[in-house]
Amino acid sequence: MNVTVLQFPGTNCEYDTRYAFERLDQEVKIVWHEEDVIPANTDLVVVPGGFSYGDYLRSGAIARFSPVMKAVKAYADNGGYVLGICNGFQILLESHLLPGAMKRNENLHFVSKHQYLKIENSDNRFLRHCREGETLNIPIAHAEGNYYIDEERLKRLYDNGQVLLTYCDENGNPDNPNGSIDNIAGICNETKNVFGLMPHPERAMEPILGSADGVRMLEGFIL
Amino acid sequence: MKAIVNVYLKEGVLDPQGKAVHHALGSLGFGNVSDVRVGKQIVLDLEADSMHDAQKEVEKMCETLLANTVIEDYSIEIVQ
């Protein structure tokens with residue numbers, strides 16, 4: 001599989017993401033934000049974490065207008081798989097490739113820690129190796145992870161099986177680190193080819209990192 | 001021409017920064033404050049033929065980039 005990882009000024013997880021997929025024996029290419037095409041053989045585009053454009057104005061607001069994001073939109077509209085991690089998730093929200101918006105964490109703290117996540121829906125490419133209801137241990141690190149969406153659209157997310165991951169404790173009970181509505185940590189679009197989550201699966205690829213649970217998430221994309 | 005844009009979270013969308021400031025004011029003895037909203041102000045110098053044109057142009061900027069209308073409202077003041 002060929003993975004294309006985007007790089008904006010301020011991105012800082014592109015090499016971790018490359019490492020994660022190379023560990024899964026996949027080919028990875030890092031593409032600069034000024035490129036206006038996605039490499040032709042791309043099977044998955046990853047919008048990685050970091051602080052694109054310094055997160056000025058709002059997280060992801062400026063990155064949305066990079067030439068490469070136009071190409072990503074065309075790629076996604078064509079059915080291509082896109083994964084946004086942390087700042088990548090914020091960029092996908094600002095780009096309207098995913099619904100809703102991100103606010104500052106409710107406690108105003110930058111949270112950086114290991115966090116358990118509950119699999120809410122595994123009927124999708126991303127989480128197909130996971131079981132609904134099981135928990136995974138994946139690190140989080142963000143100041144703006146307080147996901148918000150209005151009631152009507154929230155209902156639509158549930159109806160379509162688009163709520164994928166929620167924050168929980170080790171036993172699967174709700175444990176919300178940022179005030180996110182309904183404890184939501186990750187969602188997908190209606191057609192289930194665009195995914196976004198605040199936690200960092202690429203930082204949980206081997207036990208020495210504290211968890212290898214990220215492997216099962218990322219390998220879902222591998223055929 | 002100068003445009004002053006104020007961006008705030010919509011009514012009904014919890015404002016964590018406003019809440020923190022409200023709490024701090026209460027701790028300092030300012031108990032008469034019932035609510036605080038924290039927004040941002042963006043000041044633009046721009047060229048336009050009229051205040052009306054400037055208003056329209058800045059509205060477009062707000063809808064495109066300056067505000068995230070999913071969660072934020074904005075107000076625009078054009079000053080000569």
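**Note on the predicted two-chain model**

1. Tyr147(A) touches Phe89(A), Leu93(A), Pro99(A), Gly100(A), Ala101(A), Met102(A), Leu157(A), Ser180(A), Ile181(A), Ile184(A) and Ile187(A), leaving aside residues up to four places away in sequence. Contact here means heavy atoms within 4.5 Å.

2. This is a predicted model, with local features needing pLDDT of at least 70 and side-chain atom pairs pLDDT 80 or more, while totals for chains, interfaces and linings use all residues. Residues are numbered from 1 along each chain as its sequence is written, chains are lettered from A in the order in which they are written, and side-chain values use heavy atoms, without hydrogens and water.

3. Tyr147(A) is also among the residues with the most contacts inside the largest nonpolar core, which has 65 residues. Such a core is a set of buried Ala, Val, Leu, Ile, Met, Phe, Trp, Tyr and Cys residues joined through side-chain atoms within 4.5 Å; buried means under 20% relative accessible area (1.4 Å probe, protein chains only). A second, separate core of 13 residues includes Leu46(B) and Ile76(B).

4. Now the interface. Chain B puts 17 residues in contact with 17 residues of chain A. The area buried between them is about 1400 Å², with 65% from carbon and sulfur atoms. Buried area is the accessible area (1.4 Å probe) that two parts lose on being put together, summed over both. In chain B, Pro16(B), Leu65(B) and Val70(B) lose the most, together 34% of what that side buries.

5. The count between the chains is one salt bridge (side-chain nitrogen of Lys or Arg within 4 Å of a carboxyl oxygen of Asp or Glu). Arg58(A) pairs with Glu72(B), their closest N and O atoms 3.8 Å apart.

Notes: Buried means under 20% relative accessible area, exposed over 50%, partly exposed in between (1.4 Å probe, protein chains only).
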